[in-house]
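My entries follow in the order in which I checked them.

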Amino acid sequence: MTTGIIIVAAGRGTRAGGETPKQWQGLRGRRVLDWTLEAMTTALPDAPLVVVLHPDDMGLLDGHDTVAGGGTRAQSVRNGLEHLAQYHPSQVLIHDAARPCVSPTVIQNVLRALQTANAAAPALAVSDALWTGTEGRVTGTQDRAGLFRAQTPQGFRFDAILAAHRGMSKDAPDDVADDVAVARMAGLDVTIVPGDEDNLKITYPGDFARAERILGMQMDIRTGNGFDVHRFGDGDHVVLCGVKVPHDAGLIGHSDADVGMHALTDAIYGALAEGDIGQHFPPSDPQWKGAASEIFLKHAAELARTRGFALTHADVTLICERPKIGPLAQQMRTALAEIMKIDIARVSVKATTSERLGFTGREEGIAAMATVTLVQS
Ligand code: MG
């Protein structure tokens, strides 16, 4: 079962205001169309996809199949269908470029219905009372029973909707609202599936702010945790969170055994789903022998940045009876903040004993745990 996707982006959208059509206007640092494309390709990464553009806009989009739209919405969709035919999809989702907040759930609702139906589209039952009105006055009321607000993506058996578009009468009105209308003109039954209030169609200037809020709530926020232990051995100091601390023992490890920094580094790798320190800096590799652990932490923080994440918070807990961490915590926060290149107000270092219980209580070693938060920026 191959699903094709058509994104209809050929409109001029004058009601939304602005110098350029709404699909090209900015929304949280990207164009509206870029958000729409991401929503659809995330849900269906392997689907053949074509974007229908206004003939004047053909140079504005790279990396996707594009075709020029026609004089009406129906003609634009037809051009998209004819292009998609070369991929032989069994079904197709037709989606408005101006609906960038479409959720995976709405897309899945349509796809699930298509398992048994020839056509399916999301909609919301009208809940507000409906009036008719002219010149600022109510002229009547309208029964809302059985009324729905139509959304996209609208899904169809590919052959059926292609035939419906090809068979559209030359006398059909120019303002056919959507592909459900085209399908019904061809006698296709259309199943209604649940839409989503957040799947708004950007139409008026105020809709941009609402779309930004919705996309903001969909932001990629991640938490990672890390845990590490190192055993005490001979020595006269330990290195904890980048600070050299005099002690009557040292910590044993392949690198400088900075247990706090290792836990923190692993927490960042965890949030990125990027394995752990051992995978990035194998202990079997002699070049990391005695290495300063800030190499590891720098690498993890940099990896987060290149993935588009801001490290908004890091919290490290050291578990030991001795040395006393409290007086050094501030210095440790400074060191970690500098290495990660973030504000010290976003870095916490604290400590606890384990009440003389267990291996930390017997002073056989030090344990550390860390939690970080990454926010896609
Ligand atoms: Mg370690």
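How near do the axes of H9 and helix H10 (residues 329–340) come, and at roughly what angle do they cross? I found that they come within 8 Å and cross at roughly 50°. The axes here are lines fitted to C-alpha atoms, for helices over the stretch in contact, and the angles run from 0 to 180 degrees between N-to-C directions. The helices themselves (H or I, at least four residues), like the strands (E, at least two), are DSSP runs numbered from the N terminus.

Before going on, I noted that this is a predicted model, in which local features need pLDDT of at least 70 and side-chain atom pairs count only at pLDDT 80 or more, while totals for chains, interfaces and linings use all residues. I also noted that residues are numbered from 1 along each chain as its sequence is written, and that side-chain values use heavy atoms, with hydrogens and water left out.

Taking contact as heavy atoms within 4.5 Å, I listed Glu294, Leu297, Lys298, Ala301 and Arg305 of H9 as meeting Leu336, Ile339 and Met340 of H10. These residues divide into five nonpolar, no polar and three charged, where Ala, Val, Leu, Ile, Met, Phe, Trp, Tyr, Cys and Pro count as nonpolar, Asp, Glu, Lys and Arg as charged, and the others, Gly among them, as polar.

I then turned to helix H7 (residues 259–271) and helix H9 (residues 294–306), whose axes come within 9 Å and cross at roughly 20°, and which are therefore roughly parallel to each other. H7 passes H9 in a left-handed crossing, meaning that the near helix is turned anticlockwise from the far one by less than a right angle, whereas clockwise would be right-handed. On the H7 side the contact includes Met261, His262 and Leu264, and on the H9 side it includes Phe296, Leu297 and Ala301. The contact residues of this pair divide into ten nonpolar, three polar and one charged.

For H7 and H10 I noted axes that come within 12 Å and cross at roughly 40°, with H7 passing H10 in a right-handed crossing. Met261, Leu264 and Ile268 of H7 make this contact with Leu336, Ile339 and Met340 of H10, and the residues divide into six nonpolar, no polar and no charged.

**Entry: the magnesium ion**

Which residues coordinate the magnesium ion? I found Asp228 (OD), His230 (NE2) and His262 (ND1), at 2.1 to 2.3 Å, and their spacing in sequence is D-x1-H-x31-H. Donors are N, O and S atoms within 2.8 Å of the metal (3.2 Å for Na, K and Ca), and because water is not among the atoms, sites may look incomplete. Aspartate 228 counts as buried because its relative accessibility is 16%, and histidine 230 likewise counts as buried at 12%; buried means under 20% relative accessible area, exposed over 50% and partly exposed in between (1.4 Å probe, protein chains only).

**Entry: two buried residues**

I looked up valine 243, which lies in strand E15 (residues 243–246) and is buried, with a relative accessible area of 5%. Leaving aside neighbours within four places in sequence, valine 243 is in contact with Val238, Gln331, Met332 and Ala335. The C-alpha atoms of valine 243 and alanine 335 are separated by 7.2 Å, although the two residues are 92 residues apart along the chain.

Threonine 360, in helix H11 (residues 358–361), is buried as well, with a relative accessible area of 6%.

**Entry: backbone details**

I checked two cis peptide bonds, one from threonine 152 to proline 153 with omega near 10°, and one from arginine 322 to proline 323 with omega near -5°. Proline 153 is found in the loop between strand E10 (148–150) and strand E11 (154–157), and proline 323 in the loop between strand E17 (309–319) and H10.

Glutamate 135 is not a glycine, yet has a positive phi of about 50°, and at 82% relative accessibility glutamate 135 counts as exposed.

How values were computed: Angles under 35 degrees count as roughly parallel, over 145 as roughly antiparallel, 65 to 115 as roughly perpendicular and the rest as oblique.
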